[in-house]
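Work through these exercises with the sequence and the 3D view side by side. Try each task before you read its solution.

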Amino acid sequence: MQAGKNLAAALAVAVAGVAMAAAVSDRIADAAPYASWQAQSAAAPAATEVGGAPATPADAPVPFSLTLHGEIAGLAAGATATATVFVGGRSYPATVQGDAYSATVEALNGDEIVVVEVASTRARYRSFVGSAARLAAAAGGDADVSLSERASLRVSPFSSALAFLVRTALGGRDAASDAEFENATRSVVGYNLANNAFMLDGWTRGTFALPQGYQDGQQILEAPAAVYNQQVGQINVAPAMAYLYDNADNAPLTELAQLPETLAMLGPIPVNEDSVAVSDLQLLYRQSDGASYALFEEEPLAEHPRYNAALTAQGEVALAPIGNAGARNALRALPFAPTVQSPIQRSVRGHTLRRVAVGDVYSLWMSRTVWFDSHHSAAGDWEQEYPSYSLWSAFDLNAVSAANNWAPLLDGTIEAALYFLPAPCSSPRRAAAYLPAFGKCEHRAYWFIRPHGGLVYNPATYNDYMQSVQGSGSADFSHEIVGGRLRIMPTPAAGEPYVSTTFWRYEEGEPLRRPVLYLSSSSGGYMVGASMALAPQPGFAPGEMMGSWRGPTSQGRFAQYPAPYSTFEIRRLANGYQRDVSIYFTGSETFTQGEWWSGSLGVADYQYLMRYPGATTTRPASHCREAFFGGASECAPSRVRHFRPLQRVGSRLYGLVDFYSNTALKPQGYTGTYDTRYMDSRADYIECVAGACLPPTP
């Protein structure tokens, strides 16, 4: 009974306020031959001592040799090159003919890592090829490994940029294993990889001039960040991402059946901690007909996003929209109205997915999407077709979820589980002219008090006065666990649409913090997202909120270079004012000022906008009282960031953050309602880095 009392107390406070399994079956990677090679190696007979007693196994496996056949790309016109294979401190010169190289590598053991380096005019390229065991598996028994068997045998600006970013993430060293390299690639920032590869190619070919004193592009990557930043200012992201898509390695598919039933494609996640949130996410889901796929996005879509799939001659996956799949409304500046955001219709002409690096569990993919934007009104007519590109860490979501099953967390052997989970909903607060009503709403507390269901509690929120109000009331929900994934179906209130949400645990996480991906569907739309299943910490007290705080975008470490251009910091001051500060790599700072307060529901950071008489534009204000005192004619709170802490780990608070916005400015003395809108809701953390919020030193 004491456990039940503890849970009830935690619930009251909260509502008021990998080991990956080795056999993650039949995936997109070449893991099957790798496992076969390992089994053959393990089956080698052991010597015996006199009398038949088993002898001590040999200290090392039987060494073997491989001949590698690769390719060099991205050299200056007419330039020659040398190539060298490095294995465990040994080097093997390669024979180079044109853009091809070959080398025989001897005395290998399976754990050794193979790296190929190329030197040429204005170029030093390298490729992390992988372990000797992986190469032996790819060889298939003939001891020859070709480019078609292992795409990483291609040494290029792409392979160099990728190897460099992984080294950066690992503190300046190469990965010690295939798994470590694979995990580090999950943290690669797409535009950073694109910029580095594009610039390496340009420096080598002479498109971009090398700065004085530098002999090749690799030197600039290894130089102080200020040197790199000055050079990368010559380009923009769009052509760099297009270059990356066209010039990255290609590990082609040979049949659509190699795609898993559910392919998760994630943006970069921190290499040094569990994922609190993911910057971008898509889910490719095979439909029941076995031939078409749905491509769900983090942006809510009103139409079911169904596509016909086919393989191109290059082994890429081409997705052609069925009907209005992927269509949405959006805002953008138009040539005849460049100073305002005008509504447009955005449709998808098609997606192409290309696998660029293969791993046992996590592979790197790129996508190319062709969009068509249009606007037709009395103000003018405008149309544009254009591509966009993304880099993804992709994996078989159902297989990963089966290895991180929900069932042990909800078996009720100790007490009923309580988790805060995302709860997409349909709301008029989301019904802007260009957005569907269905989308993100506040996370809610789910109490699993029955074998197949429980109670979901209404959350604290912000009303039309831009003021916090405590949630009240609850509703029933039912749930089921299939293949390790959790499906929740709340009972809708009268007149509300039915919503079904499936949650996959894609990482082990911590007991009170479980990273999840989710797919929600309703009559109002479809969307995917990433968050955490957060449980309230027993006996938790948030402590002092005054001080300087940083979140995942500043504290999480990604595989990127140079260091982020700026660091974001929330500073809550003693006088009740608050600043959102950008600290640049040069040491300079800019900030937007507002106010903050904390209470039983959490801590809120307000920002304000004001307008002077006769002005057509708005400007930030620290508070409306100062704005009106300074002569403003209109003012209002424009944004609220509300953080609900649930756990403390050292100087870090984990919890839920909700964002609300308002664009309706009002005159002095106004006491009515505003145009309050949902912006975002996500699991998050803030970490105290200075001030009164720092915990006492033991």
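Predicted model: local features only at pLDDT ≥ 70, side-chain atom pairs only at ≥ 80, totals over all residues.

Residues are numbered from 1 along each chain as its sequence is written, and side-chain values use heavy atoms, with hydrogens and water left out.

**Exercise 1.** State how many helices and strands the chain has.

Solution. Helices (H or I, at least four residues) and strands (E, at least two) are DSSP runs, numbered from the N terminus. The chain has 12 helices and 39 strands.

**Exercise 2.** Find the strands that pair with E12.

Solution. Two strands pair if DSSP finds at least two bridges between them. Start with E11 (residues 281-286): it is antiparallel to E12, over 5 bridges. One of the links joins Leu-283 to Phe-296. Next take E13 (residues 306-311), which runs antiparallel to E12 with 3 bridges. Here Ser-292 has Asn-308 as its bridge partner.

**Exercise 3.** Decide whether the residues of E12 are buried or exposed.

Solution. Buried means under 20% relative accessible area, exposed over 50%, partly exposed in between (1.4 Å probe, protein chains only). In E12 (residues 292-297), 6 of 6 residues are buried. Now sort them by direction. Ser-292, Ala-294 and Phe-296 point one way. Tyr-293, Leu-295 and Glu-297 point the other way. In a regular strand the side chains alternate between the two faces of the sheet.
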